[in-house]
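User: Hello! Could you take a close look at a single part of this model for me and walk me through its surroundings? After that, I would enjoy a short tour of the aromatic side chains.

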Amino acid sequence: MKKVKKAYFPFNIILWVFKKTMCSPTSKVAMIDPIFLNILTIGEPYISETHYKHEHCHIKQVRREGRLKFIIKYLYYNIKYGYKNNPYEIEANREANCA
């Protein structure tokens with residue numbers, strides 16, 4: 001288990017909505033703060049090694065693309081392809097499961 005930061009406003013609300021709408025009640029949710037490049041979670045501040053690698057890949061994507069471009073493209077890809085088929089998510093899943 002990796003220790004990460006507890007989510008703060010507005011990310012705590014985003015994570016809560018994501019957990020309530022897209023996850024099972026026992027799922028652990030995490031995301032990155034694209035401004036400060038922190039990995040955030042709600043509840044206990046620990047996530048699995050695989051989940052940590054997934055979120056860390058998103059940090060590398062932000063550094064590669066730039067903050068604003070990443071946010072715009074991430075939202076666009078979610079609208080166009082859906083969360084599971086978002087190219088950023090596919091890349092992060094691949095890296096987390098293979099690294």
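Analyst: Happy to! Leaving aside neighbours within four places in sequence, Thr41 is in contact with Val4, Lys5, Lys6, Ala7, Leu15, Lys28, Val29, Ala30, Tyr46 and Ile47. Please keep in mind that this is a predicted model.

Let us start with the side chain. Among the contacts listed for Thr41 is Val29, and the side chain of Thr41 reaches the backbone oxygen of that residue, Val29, at 2.5 Å.

Now for the backbone setting. Thr41 belongs to strand 4, which covers residues 38–41 and pairs with strand 3, residues 30–33, in the antiparallel sense. Four bridges join strand 3 and strand 4. Strand 3 and strand 4 form a hairpin, with four residues between them. In the turn of this hairpin, Leu37 has a positive phi of about 55 degrees.

On to the aromatic side chains. The count comes to eight aromatic pairs. One of them joins Tyr74 and Tyr88, whose rings are stacked, 6.2 Å centre to centre with 15 degrees between the planes. This pair links distant parts of the chain, since Tyr74 lies in helix 3 (residues 67–81) and Tyr88 in helix 4 (residues 87–98), 14 residues apart. Both Tyr74 and Tyr88 are buried.

Tyr76 and Tyr77 form another aromatic pair, this one tilted, with 5.9 Å centre to centre and 50 degrees between the planes. Which of these two is buried, and which is partly exposed? Tyr76 has 45% relative accessibility, so it counts as partly exposed, a class that lies between 20% and 50%. Tyr77 is at 17%, under the 20% cut-off, and therefore counts as buried.

The charged end of Lys2 sits over the Tyr52 ring, 4.9 Å from its centre.

Conventions:
Residues numbered from 1 in each chain as written. Predicted model: local features only at pLDDT ≥ 70, side-chain atom pairs only at ≥ 80, totals over all residues. Heavy atoms only, no water. Pairing = 2+ DSSP bridges. Helix = DSSP H or I, 4+ residues; strand = E, 2+ residues; numbered from the N terminus. Polar contact = N/O pair within 3.5 Å; in protein donor to acceptor, adjacent residues only side chain to side chain. Contact = heavy atoms within 4.5 Å. Phe/Tyr/Trp six-rings, centres within 6.5 Å; stacked < 30°, edge-to-face > 60°. Buried < 20%, exposed > 50% of the residue type's maximum accessible area, 1.4 Å probe, protein only. Lys NZ or Arg CZ within 6 Å of the ring centre and 35° of its normal.
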